[in-house]
There are 2 protein chains.
Amino acid sequence: MEDQDPEEQAHYESVLLSFREYEAFVMREIFRRKKHLQSLPVDMQRRLPPTSTLRNLHHFVNAAHHNQLFLERIVQAQLESGPAVNLPQVTPKTPLQSPMRHLSKIKSTLHQFVRDWSEDGKKEREMCYSPILKELKRVLPVKPTNQNAQRVLVPGAGLGRLALEIASRGYAAQGNEFSYQMLFASNFILNWASQAGEFEIHPWIHNPSNAMSITDLLHPVVIPDVAPAELLGLDKGNQPDFSMCAGEFLEAYANDSECWDCIVTCFFIDAAPNVMEYIAAFERLLKPGGYWINLGPLLYHWQNGSGDDDERYEQSVELSYEEIKHVMGTYNFKILKESQRECVYTNNAKSMMRTVYNCAFFTAVKDATPSA
Amino acid sequence: MEDQDPEEQAHYESVLLSFREYEAFVMREIFRRKKHLQSLPVDMQRRLPPTSTLRNLHHFVNAAHHNQLFLERIVQAQLESGPAVNLPQVTPKTPLQSPMRHLSKIKSTLHQFVRDWSEDGKKEREMCYSPILKELKRVLPVKPTNQNAQRVLVPGAGLGRLALEIASRGYAAQGNEFSYQMLFASNFILNWASQAGEFEIHPWIHNPSNAMSITDLLHPVVIPDVAPAELLGLDKGNQPDFSMCAGEFLEAYANDSECWDCIVTCFFIDAAPNVMEYIAAFERLLKPGGYWINLGPLLYHWQNGSGDDDERYEQSVELSYEEIKHVMGTYNFKILKESQRECVYTNNAKSMMRTVYNCAFFTAVKDATPSA
C-alpha cells in the first residue's frame, strides 16, 4: 500500500469505514419498518401475530449488531495486516459517511459468505464450482509428477473458495480480486478463520420481502463450513501453492504472458467494461495449449448507470454469447466443449423469489498453432 | 374522465404521452450501444461477426420503430374511446418530456403483452392462471342454472387475460386495474384486436445483457394468440358477463359490500402499501361463504424508494406469509387449501437470466359464522 496514490488510499479507507458503518446503516432500515408498523391503526396492529416483525424487532436489532461484531473482526484483521489507516469510531447514531453503493456491497459481502463458506451454500457451489473442478481435472489431470506444477488463475476470485478448492486439488492456484470489500472479507476468512463453524451471521435480515416467516429472515448461517487450512490439508502436511493477488485484472497482469496453464472464470467475464479486452488478456496470459474454462451468464455490470459515477459506464459493450464465441475464434481460442448450466448466485433458498442463470459453460484451448 | 381532478387529468395525459415517446426513448439506448461499439479500437471492431450488434443496429432501430407503430395504435384507440386530450406530436429527436418511470413502464407493458396475449406466454400462463382457473372451477362449479350468476372480481387485472378466461368459463367477471399503462393497453387488446396474430412486437430489444444471440434480442412476438371475442365465444352466440373497472382498488370498491362470490388475486397483494387493508376489503366485499383465491409472491412494491416520489413509500409494511395468514384469520378467513407453486412473471424464455417466484397459492373462505 505504501506506493499507492492518495485516491486509492482514500478509497481503501472509505470501504473499510463502510464495514464499520453497516449496523448504523441497517438500523435505519429496521427503524423504518418499526415506524411504518407503528403507524398502522391500532386495530390492525392487534391483528398481527405474536411472531410478527412488530413484536420481534429486537431480534433484527440483535442480528444487525451480531453481523456488525463479525464485520468488525474483518476490519481488525485488515488493520493488522494492511496499511495503517485512521478509521473513525462509529455508533449506530452517528451520521453515515459511507456512500450507499459501499453500504449495499457490505450486505452483498455477507451473502457472498453464504455462497463460498457455508453449508447453506453447498448446493450453490455444487451447481457452479463442481462442474468447473471436474472439467479442470479432465483437461489437466494431477499426477504425482506434476503436483503444484500446473498453474491456474482465477480472476474475480471473490471470497476465494473456488481458487482454494483448485489449490487443494494439487494445482498452483492464484485468485485475483479487485474489490476491497471482497479482499478484506477473503483476507479474514482465509487467514483468520481457524475452525469450521467459528462464526454465525444473519445475512437475510436486510430484505423483508418474499419471506415465508420472520424466522426465515432471522435464519443464522454458520461459517466457515470448513477451515481453509483444513481444506488445503495443511494439518496433514500438505504443501499447497495458493495465493491471492489484489488489483484490477487487466492492470495486475499487464506485464505477464504465456505463464498460466489454465484460466478459470466463474461469473466473471460480464464484469468487464469490454469483454474483448479480457479475452485478449486470457490469450496473452495462457501458455500455448493452455485452457480457458468459463461458467457464467452475461449480465454486463457496466451496462446501466451514469458516466458521472464511473467512466466504465461510458465504455460498456454488451456482446451476445454468439458474438463472444466468434471473437474467441479470432484470438486463437478453440472451443472444445460447451453446454448450458442452471446456476444461482448468492441465492437465499428460503426466499419466495430467486434468480436463476442459464450459464454458458465452456472449455476452450489456446491454439498452439494459430492460423495466419 | 369529466369529473376528474386536474392532477388526475395531467397524469392521464402524461402516461399517454409516454406511449408516444417510447421510440425516442429506446433510440437513445440504441445510440448508446452504437457509440460504445464504435469507440472500440478498430482491431477489435474487426473481430466482431457479421451478425454482431454493431453491424445490425438498423434491425434494432427498425424493431423500436415497429414497436412504436403498435404503441401508437394503443394511443389512437385511447384518444377515440377516452376523453379529449391535447397530445403533442413527437419525433425520435425531440427532447423527452416523460419521466423515466413512465418510459420504463412502457417497456414492461410490451412484456405484459407476452405474458397475457401471446403463444410465447402460454407456458407462463399455465404456471400462473391454470391452477387458479382449476381451483375456481372446484369451489364454484358452473352449471346451466348459474351461468354468469357467480360474480368473480380480479383486482390488478393488468392486460385482462385472467379475468377474460374467467368470464369465458361462465362467470360474471370484473377486472380492476389502476395503472393507466395497463388500462390503455388492455382497452386496446380487448376492444380493438379482432383476430389472432394481428400484431407483432419486439419486446426483448431493450436489454442487451444475457443474450445467447442478437437474433434472440430481435425475436418478434405475435399477439394476440387468440382474439378476445373468440375467447369469449361471441362468434358462437355466447353472452359472457365481462367488465373492466378503472381505478385504485380500495377507492373503486369503497362503497360495496358482500357482493362477490369470489375474489381472485394473482401477483397482486404485494402491490398494496398495506396488505392488511386489502385483506379487510376482501372480507367486506365477499358474500358470506365467498372465496378468496390467491397466487403470488410477496415482493412488496412500496418497500424501497423515497417518500418524495409517492407517499405510499412512507406507509409500506412488509408482512411475511405467516403474518398474512394470521391476519386473514382475524378477518374471518379460513384457509381451505394451501400450497407453493413456482411461477414466472413476464419471463423472457430465451434470456440467460430469469426470476422464479415460489408463490403462495391458497384458497380461503369467508367464514359465514364468524367467531365472537
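Copies are superposed by least squares on the C-alpha atoms of residues with pLDDT of at least 70 in both. I am working on a predicted model, where local features need pLDDT of at least 70, side-chain atom pairs count only at pLDDT 80 or more, and totals for chains, interfaces and linings use all residues. Residues are numbered from 1 along each chain as its sequence is written, chains are lettered from A in the order in which they are written, and side-chain values use heavy atoms, without hydrogens and water.

Entry 1, symmetry. I laid chain B on chain A: a turn of 180° and a shift of 0.0 Å along the axis give an RMSD of 0.0 Å. The two copies are thus related as by a two-fold rotation axis. I then looked up which residue of chain B comes closest to that axis, and found B:Thr355, with its C-alpha at 2.2 Å.

I counted 59 residues from chain B and 59 residues from chain A in the contact (heavy atoms within 4.5 Å). Of the interface residues of chain B, 100% are also interface residues in chain A, so the copies meet through the same surface. The rule finds 6 salt bridges across the interface (a side-chain nitrogen of Lys or Arg within 4 Å of a carboxyl oxygen of Asp or Glu). I looked up the pair A:Glu318 and B:Arg32, a salt bridge whose closest N and O atoms are 3.0 Å apart.
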